[in-house]
Amino acid sequence: MSRPIRFLAAAAASLLLATACNSASTSTSPQDKAGASARGVTADSIVVGGIVSKTSSSGYSKADTDLGAKARFQRANDEGGVNGRKIDYLGAEDDGQDPSRNLAAARKLVQQDKVFSVVPMSSVTFSGADFLQQQKVPVFGWGTLPAFCGPATTYGFNGCLVPSPGGTITQSWPEGLAQALGGAKDRSVALIAADSDAGKFGIRTYTQGFTAAGFKVTYAKASVPAAAAPSDWSAYTGEILKSNGGKAPDAVVSVMQTPQNIGLFTALKRAGFHGALSDPTDYDPGLLAKATTAQALDGVYVLVQFEPFESTSPAIAQFLKDVRKVGGADVRPNLHMMTGYLSADLFLAIAKKTGRDLTTATFQKAADSFSDTGSPAGERSFPKGHTQGFGCGSLVRLKGGAYEVAVPFKCYPAIPFT
C-alpha cells in the first residue's frame, strides 16, 4: 500500500474511532446544558448515597433510615428501575450528629463517589447543605432543618417544616392533640425542647401552633442540654408542674429525642403528673423491648407525619412488605425506616417524571411541577414543599405494650407563621 493510501486509511480509522467514542459517551451519560456529563448517571444506572446519624454521643441512632431507603430502592430495581436505569444505592454515610462529619460526608459522596443525588439525609445537623446546593445536588430527607426550606434542590418528603416569617406552620400536632383530648378549649399545655437552634425554633413555632389550635400555653422553654439527657429532671418538672397558675398543665409536649423524652416522662410520672404526654419521635416498636422504656412511654401520644404502621392502607402494606424483604421477616418497622423509605420514594417519583433525559436541569424542571397523593406521606407538591409543610399527620398512643391509632391520618390546613 502506498504512503498516501496508508495515511488516508489511518485517518479514516481515527475518524471512525472518534465517532464511536463520541457516540458511546452520548449514550452512556446524559449531557447538561453546558455539555458536561450528568454526575452519577449512566445508560443503565443512577448513583445515589445518603447521610444518616447512625451513631451519636447520646446513643440515639437513626441507622434504620438507611434500611428504609434501601428497601424502597430495591423494589424499584426489582420492577425494572426508573426509565430503564437501576438505582445504584451506595448506602448512607454516618455523620455521628457532628457538623464536620456531615460536611465531610457530603464532599465524599459528590467528589469521590460521584452521586447524582443524596438520599436520604437524616440528621440534626446539615452543615453540608451549602456545598450540596453549590454543586446542584438534589437532596431528599425529613424537612425538619432550615436547609430543607427555600433551596430549589432540597426536598423534604413532607415539605418544609421550618418556615421563615411569611411562611406557614403545619397544624397536625396541635389539632391532633386537641382531638385526642376532646377539644382544646380551657386546656393548657407546656412545651419543652433542647437548648439548640432547632429546639428554640421548635418552641417558637409550636407556641404559635398550639395557641392557634385553642390551647393556653403555660410554659415554653428550650432549656434541656442537647448533647445528653440530664440525670436530674427535678428543676424542669418543678417548673412545669406549677406553670398553670401554680398547678400542672393538662398536657406536656416534648420537642426532643428519645433519651430526653424517657427521662422527662419518667420524672413527670414519678412527680404525680396524670395529664397527657406527647412527642414527635418515639414511634418505634423496638423501644418496647426494655420494660423501663415501655413504662416511661406508656400513654404517650406520638406525632406521626405519615400513615401509621397500624393502618390498613395499601401503601403501608407495601412498605411493610418492602422493609421485611430487605431486613428480614422479623424486622420491626420504626419512624426512621419510614423517613428513609419516604425520602427514596419521593426521589423515585420525581426521577420517573423526569424521563429518560436525566440531568440536574431536567430533574429540577420536573420537580418544579410535581404533585401527587397516595403515598404514606399523603399529599406531595413542589415548589410548595420548599416553603411549606404538607400538613398531614396522625397521633399514635402506646397502650398496654402496643401502639394504637389515637387520631387517624389527616391533612390539616396550615396557619401563617409570624
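Author: Leu191 has Ala220 in β8 as its bridge partner. The model is predicted.

Reader: How do you know that β7 and β8 pair, and in which sense, parallel or antiparallel?

Author: Pairing requires at least two bridges between the strands. β7 and β8 are joined by seven bridges, in the parallel sense, so they count as paired under that cut-off.

Reader: What makes β7 (188-194) largely enclosed or largely open?

Author: Buried means under 20% relative accessible area. Seven of the seven residues of β7 are buried, so the rest of the structure largely encloses this strand.

Reader: Which helix touches β7?

Author: Helix α6, residues 197-212, packs on the sheet and touches β7, β8 and β9. The direction of α6 makes about 165° with that of β7.

Reader: Why are β8 and β15 called edge strands?

Author: The open sheet has seven strands in the order β8-β7-β9-β10-β11-β14-β15, with mixed pairing. β8 and β15 (402-411) each pair on one side only, which makes them the edge strands. On average, neighbouring strands of this sheet are turned by 20° against each other, direction ignored.

Reader: How do you know that β10 and β11 pair?

Author: Strand β10 (residues 276-279) and strand β11 (residues 301-304) share two bridges in the parallel sense. The cut-off is at least two bridges, so the pair qualifies. Asp279 stands opposite Val302 in β11.

Reader: Which strands does helix α5 lie across?

Author: Helix α5 (residues 172-180) lies across β9 (251-255), β10, β11, β14 (392-399) and β15. It runs at about 45° to β14.

Reader: What makes the link between the side chains of Thr218 and Ser243 a polar contact?

Author: Thr218 belongs to strand β8, residues 216-224. A polar contact needs a pair of N or O atoms within 3.5 Å. The side chains of Thr218 and Ser243 are joined at 3.0 Å, so the distance meets that cut-off. Leaving aside neighbours within four places in sequence, Thr218 is in contact with Ser188, Val189, Ala190, Ser243, Asn244 and Pro249.

Reader: How far apart are Gly91 and Leu177?

Author: Gly91 and Leu177 are 86 residues apart in sequence and 36 Å apart in space, C-alpha to C-alpha.

Reader: What makes up the lining of the largest pocket?

Author: The largest pocket has a volume of about 1200 Å³ and is lined by 47 residues. Those nearest its centre are Val124, Thr144, Leu145, Ala198 and Gly199. At least two lining residues each come from β6 (168-169), α6, β11 and α11 (335-354). The largest share, seven residues, comes from α6.

Reader: Why is the other kind of space called a cavity, and how many of 30 Å³ or more does the structure hold?

Author: In a cavity a 1.4 Å probe fits but cannot get out, whereas a pocket is open. The structure holds two cavities of 30 Å³ or more. The largest cavity has about 50 Å³ of space. Among the residues lining the largest cavity are Asn158, Leu161, Thr170, Gln305, Phe390 and Cys392.

Notes
Residues numbered from 1 in each chain as written. Predicted model: local features only at pLDDT ≥ 70, side-chain atom pairs only at ≥ 80, totals over all residues. Heavy atoms only, no water. Helix = DSSP H or I, 4+ residues; strand = E, 2+ residues; numbered from the N terminus. Polar contact = N/O pair within 3.5 Å; in protein donor to acceptor, adjacent residues only side chain to side chain. Contact = heavy atoms within 4.5 Å. Axes fitted to C-alpha atoms, helices over the stretch in contact; angles between N-to-C directions. 1 Å grid on protein atoms, 1.4 Å probe; cavity = no way out; pocket = protein on both sides within 12 Å on 5 of 7 lines; lining within 4 Å. Points joined across faces, edges and corners; volume = space filled by probe spheres on them. Buried < 20%, exposed > 50% of the residue type's maximum accessible area, 1.4 Å probe, protein only.
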